[in-house]
Amino acid sequence: MQKIMIIEDDPATREELALLLENEGYFPYTVTAFTDIPAQAARACPDLILLDIGLPGCDGFSLCAGLRRAVSAPVIFVTSRDSGLDEIRALSLGGDDYITKPYNIPVLLARVKAVLRRSGRAAEPEVIEAGGLSLHLAKGCVSAGEKTAALTRNELQILACLMGHAGEIVSRADLIEALWDNQIYIDDNTLSVNVTRLRGKLAGLGQPDLIKTRRGMGYQL
Amino acid sequence: MTITEFLSDRLRRFVLWAVFAAVTAAFLLLTGTQSGIVLLLGIVWALVVIGVQTADFLRCRLRLRELESIMEGLDRKYLFSECVPRARNAYERRLLELFCRAGRAMIGAVSDAQAAQREYREYVERWVHEIKTPITAAGLICRSADSEMRRKLTQELSQIEAHVERALFYARAESAEKDFVVCRASLAEIAAEAVGRHRSLLIQNGVRVETENLEQTVHTDKKWTAFMLGQLLQNAARYRSGSPVVTLSARQLGAQVLLAVHDNGIGIPAHELPRVFDRGFTGSNGHGRGGSTGMGLYLCRRLADCMAVGLQIDSEEGKGTTVTLIFH
């Protein structure tokens, strides 16, 4: 489990962020005493640091340099300062990414994942398996037994989302949001069309009724 | 200064001199001076007067031209009184002193106003940064609500966020110091940021967003451009039609890159089109549905002007609207 150090002075944000990361399968480590943070980081040995800029008694910019010397973990700035100058300064001081508040949660999680992957601290699953299907994310295809079908980007993301929540009902609204998170900006009608096509392809693999429609609630794998 | 102005300024003096000359001539003639001598004296005196006055006129005109050219060359005209050369006589010196006092009072007033504006802007920026903390916390907290509630709250929060952003960019656009950073930026990244920020509003309104050919990069400030795109996306959601589609497409035209934001919404009446970038202009569409501030496009225009990005709008009622950003 990857340890993520949260350096954030607003208690509500800090606690909720820790909760969010915990639910996502990370091990959050929150800093509550803002003195000698680099030493705390050296003791905690995190895999990633989320760093606010406006902290009591010190600013994140100078802290970043200290953290860089103390630990090798990548640093993501998470701040409400959104001017281009701040961003350039943060990245030139060795920040690995820069996210402005208020962030949207899927984006934050995606950036955390991306930075962890870049720093070689996370193994991204290449294949998702559920319901007798194997979904190859990098290759963009799905296989059942011996048969394989190529998927479009939209179909791939829909199936990934359904397989990620296998057994649960995924509402159409949640599906649409998950697609928007992956920069596929579709509407309700397009979703229906894509699900129909996806069902057609799964039927070709001998799995015609795998995606069930739960009327008024959504889809279920 | 024209010759007529000069003469009319000195008319009373000339009349007085003429009367004095006539009286003197009469006196000389009465006391027995020969009329030829009186005539000669008169001519000599007239020539001297004309010569002196002409020189005077030329000097005045030269002086005024000099002052005018100083004024022309000044960037901030109210600094004029600080820049005039030394006065040439007591009268002029007194006048210039008065100008100087007036000018200094004005400079004081202007710099006070500038300082007040700067302080206000700093306050707005700080306030915006502070308000973002609770908005972020609220966004994280409402995750634990059930999905319907979460969706509604998220949409309200993103509305708050959109208003806060507009306040921030208003303060930035109106301020004298522009702190944008122009660097090479990918249109796809900018578009993803703008769409991401307004996704609740767009999804809620059933808007489909299509992107075409956004692999290009342009020289611009990422944040400012994403904000501008955000305003256009909000407009597309607000003034939507039956099945709304927004297309973001880029194309290269010589050295320029054109980014078009096209929607198939209700469009803007032709006679209102020239005024849509005016501050506070809402038009018949805005009156019809409320929630229009008349600030979105105005801010786009201001920010685009600052960054020297071109901004064009085309619209047809009932068909849709296309706003094009032109990057150089």
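This is a predicted model: local features need pLDDT of at least 70, side-chain atom pairs count only at pLDDT 80 or more; totals for chains, interfaces and linings use all residues.

Biologist: What makes S1 and S2 of chain A a pair?

Modeller: Strands are DSSP runs of E with at least two residues, and helices are runs of H or I with at least four, numbered from the N terminus. Two strands pair if DSSP finds at least two bridges between them. Strand S1 (residues 3-7) and strand S2 (residues 27-30) of chain A are joined by four bridges and run parallel, so they pair. In one of these bridges, Lys3(A) has Phe27(A) as its partner.

Biologist: Why is the crossover from S1(A) to S2(A) called right-handed?

Modeller: The term means that, with the strands pointing away from the viewer, the path from the first strand over the helix to the second runs clockwise. The β-α-β path from S1(A) through H1(A) to S2(A) is right-handed, so it runs clockwise in that view.

Biologist: Why do S2 and S7 of chain A count as edges?

Modeller: The open sheet of chain A has five strands, in the order S2-S1-S3-S6-S7, with parallel pairing. S2 and strand S7 (97-100) each have a single partner strand, so one side of each has no neighbour in the sheet.

Biologist: How do you know which residues of chain A touch chain B?

Modeller: Residues are in contact if their C-beta atoms, placed from the backbone, lie within 7 Å. By that rule, 31 residues of chain A are in contact with 28 residues of chain B. Among the elements that give two or more residues to this side of chain A are helix H1 (11-23) and helix H8 (188-204).

Biologist: Why is chain B called more spread out than a compact globule?

Modeller: The radius of gyration is taken over C-alpha atoms, and the globule rule is 2.2 Å times the number of residues to the power 0.38. For 328 residues the rule gives 20 Å, whereas chain B has 34 Å, well over that value, so chain B is more spread out than a compact globule. Along its principal axes, the C-alpha trace of chain B spans about 120 × 40 × 40 Å. Its secondary structure comes to eleven helices and seven strands.

Technical notes:
Residues are numbered from 1 along each chain as its sequence is written. Chains are lettered from A and ligands numbered from 1 in the order in which they are written. Two residues are in contact if their C-beta atoms, placed from the backbone, lie within 7 Å.
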